[in-house]
Amino acid sequence: FKLGQHQGATTALTALSGDLALSAGRDAALVVWDVNARAEHTRRVMPTWPRAVCASRGGDAVLALLEREFYRLTAPALEAGTWGWLNSTPSSAAFLPGNAGALIGRNNGQVMFYEIRRNQQWEQWVSKADKFAIQHKKTVVGLEVLPERGYILTAGREGEVRFFDLENQEGLGQVVIPGGNVTTL
């Protein structure tokens with residue numbers, strides 16, 4: 001069955017919780033779909049089109065990656081929360097367990113650690129270059145945090161899938177895909 005559509009290309013699709021899914025499109029919309037009811041649940045139009053999205057493990061938060069910034073939104077209401085600024089276009093992201101931050105991969109091959117900085121007037125995501133800063137040769141096409149296994153996985157378009165220890169971010173190894181050209185993880 002047809003659930004719905006975006007005006008233009010769909011740029012991301014991810015499961016939230018229960019029967020809810022989230023899509024993003026070139027129309028700058030984020031849409032939460034109730035798959036069981038076969039209906040749109042919530043829609044939010046962003047300043048520019050989301051390049052990618054990721055959902056927290058419990059499906060209660062979403063990171064929407066725009067051209068030079070990203071937003072943390074509550075789910076399924078898609079209410080605005082904190083935001084962060086980037087110096088290059090993001091391509092993928094993953095929440096870290098326990099609200100410890102997020103990893104964001106970029107088109108320039110960088111994977112950076114971000115955490116929320118708070119004061120009395122505002123909350124903002126900031127990069128922590130001293131934590132888990134790695135470089136792929138090409139665009140980071142996938143990030144996964146597997147807390148039950150204690151791993152972080154990164155994938156670069158050049159064909160390298162790297163494995164890191166979640167606790168101390170030490171490299172554990174990598175797999176090189178013959179021919180490269182990885183598109184997702």
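Predicted model: local features only at pLDDT ≥ 70, side-chain atom pairs only at ≥ 80, totals over all residues.
Residues are numbered from 1 along each chain as its sequence is written, and side-chain values use heavy atoms, with hydrogens and water left out.

**Stop one: Phe70 and Tyr114.** Select these two and look at their rings. They form an edge-to-face aromatic pair, 5.2 Å centre to centre with 75° between the planes. (Rings of Phe, Tyr and Trp, the last by its six-membered ring, pair if their centres lie within 6.5 Å; planes under 30 degrees apart are stacked, over 60 edge-to-face, and the rest tilted.) Phe70 is in strand β7 (residues 69-74) and Tyr114 in strand β11 (residues 110-118), so this pair ties together parts 44 residues apart in sequence. Strands here are DSSP runs of E, at least two residues, numbered from the N terminus.

Keep Phe70 selected. The ring centres of Phe70 and Trp125 are 5.8 Å apart and the planes are at 65°, so this pair is edge-to-face. Trp125 belongs to strand β12 (residues 123-127), 55 residues away from Phe70. Are Phe70 and Trp125 buried or exposed? Both are buried, meaning under 20% relative accessible area, with exposed being over 50% and partly exposed in between (1.4 Å probe, protein chains only).

**Stop three: Arg26 and Trp49.** Here the charged end of Arg26 sits over the Trp49 ring, 3.9 Å from its centre. (That takes NZ of Lys or CZ of Arg within 6 Å of the ring centre and within 35 degrees of the ring normal.)

**Last stop: Arg38 and Phe1.** The charged end of Arg38 sits over the ring of Phe1, 3.6 Å from its centre.

Key. Helix = DSSP H or I, 4+ residues; strand = E, 2+ residues; numbered from the N terminus.
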